[in-house]
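This briefing goes through one protein structure by topic, from its core to its surface. Please keep the sequence and the 3D view at hand while reading.

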Amino acid sequence: MAGQFILYREQQRFKQFWLWVVILGTTAIFWAGFIYQVLLGGAFGNRPVADVQLAILFALIGVGMPWFFYKMKLTTEVRQGELQVRFWPFHARPVTIPLHLVRDYEKITYNAIRDYGGWGIRWGTKGKAYNVSGGEGVQLHFYDRDPLLIGSQNAIALYNAIKLAKERK
């Protein structure tokens with residue numbers, strides 16, 4: 001059984017400026033429509049939807065979407081003999097990777113779009129990736145499956161923690 005002492009812990013969120021411009025720009029349209037039509041009594045657009053429908057869309061997209069992206073986070077923990085990754089809200093529990101299954105690992109610089117098709121939980125030509133921003137991480141090579149990239153804002157510390165956790169077994 002792996003030890004409970006945490007050697008390394010990192011929480012990352014989506015902080016890309018361009019992403020928040022898109023999200024907030026989209027939500028601004030729903031805020032404007034809701035205020036103009038529901039609160040002020042106007043008709044939003046050429047073919048306005050009913051106030052109830054607009055209120056539901058406003059709640060889902062105008063409030064729900066930015067809240068969802070704000071709360072989304074990637075948590076990486078290294079413990080003795082294991083690495084845990086949790087991408088909330090997609091993982092109810094952390095994904096545990098026993099380090100004895102890792103053949104080799106390396107700190108790498110990567111291009112999220114070219115190598116993995118973007119950010120999040122991704123599959124690309126170089127294996128699977130968990131990343132939310134940046135272009136550095138630690139790539140794990142296994143004995144019996146494709147590589148796994150863990151994106152990190154402090155890839156050197158993550159690499160060193162994995163090294164220490166593997167040595168301690």
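The largest nonpolar core has 26 residues, and those with the most contacts inside it are Val-78, Leu-83, Ile-97, Leu-140, Leu-158 and Ile-162. A nonpolar core is here a set of buried Ala, Val, Leu, Ile, Met, Phe, Trp, Tyr and Cys residues joined through side-chain atoms within 4.5 Å. The model is a predicted one, in which local features need pLDDT of at least 70 and side-chain atom pairs count only at pLDDT 80 or more, while totals for chains, interfaces and linings use all residues. Residues are numbered from 1 along each chain as its sequence is written, and side-chain values use heavy atoms, with hydrogens and water left out.

**Salt bridges**

- The count comes to five salt bridges, a salt bridge being a side-chain nitrogen of Lys or Arg within 4 Å of a carboxyl oxygen of Asp or Glu.
- One of them joins the side chains of Glu-77 and Arg-9 (2.6 Å, N to O), and this pair links distant parts of the chain, with Glu-77 in strand E2 and Arg-9 in strand E1, 68 residues apart.
- Glu-77 counts as buried because its relative accessibility is 9%, whereas Arg-9, with a relative accessible area of 47%, is partly exposed; buried means under 20% relative accessible area, exposed over 50%, and partly exposed in between (1.4 Å probe, protein chains only).
- The side chain of Glu-77 also meets that of Arg-79 in a salt bridge (2.6 Å, N to O), and Arg-79, at 11% relative accessibility, counts as buried.
- Elsewhere, Glu-136 forms a salt bridge with Lys-107, the closest N and O atoms being 3.8 Å apart, and the pair links distant parts of the chain, since Glu-136 is in strand E8 and Lys-107 in strand E5, 29 residues apart.
- Both partners count as partly exposed, Glu-136 at 33% relative accessibility and Lys-107 at 34%.
- Salt bridges that share partners join Arg-9, Glu-77 and Arg-79 into one network.

**Aromatic pairs and charges over rings**

- The structure holds eleven aromatic pairs, which are rings of Phe, Tyr and Trp (its six-membered ring) with centres within 6.5 Å, where planes under 30 degrees apart count as stacked, over 60 as edge-to-face and the rest as tilted.
- Among them, Phe-14 and Phe-69 form an edge-to-face pair, at 6.1 Å centre to centre with 65° between the planes.
- This pair links distant parts of the chain, with Phe-14 in the loop between strand E1 (6–13) and H1 and Phe-69 in helix H2 (residues 51–71), 55 residues apart; Phe-14 counts as buried at 10% relative accessibility.
- Phe-68 and Phe-90 also form an edge-to-face pair, at 6.1 Å centre to centre with 85° between the planes.
- Because Phe-68 lies in helix H2 and Phe-90 in the loop between strand E3 (82–88) and strand E4 (95–98), the pair ties together parts that are 22 residues apart in sequence.
- Phe-68 itself is partly exposed, with a relative accessible area of 28%.
- One aromatic cluster is formed by Phe-14, Phe-68, Phe-69, Phe-87 and Phe-90.
- The charged end of Arg-13 sits over the ring of Tyr-70, 5.4 Å from its centre, and that of Arg-145 sits over the ring of Phe-142, 4.0 Å from its centre; the rule asks for NZ of Lys or CZ of Arg within 6 Å of the ring centre and within 35 degrees of the ring normal.

**Nonpolar surface patch**

- Ile-29, Trp-31, Ile-35, Tyr-36, Leu-39, Leu-40, Phe-44 and Val-63 make a nonpolar surface patch of about 790 Å².
- Patches are made of residues with over 30% relative accessible area and no salt bridge, with like charges joined within 9 Å and nonpolar side chains (Val, Leu, Ile, Met, Phe, Trp, Tyr) within 5 Å.
- Helix H1 (residues 17–39) gives the largest share of the patch, five residues.
- Ile-35 is found in helix H1 and counts as partly exposed at 35% relative accessibility.

- Gln-84 has its place in strand E3 and, at 14% relative accessibility, counts as buried.

Conventions
Areas by Shrake-Rupley, 256 points an atom, 1.4 Å probe, with all protein chains shown as cover. Helix = DSSP H or I, 4+ residues; strand = E, 2+ residues; numbered from the N terminus.
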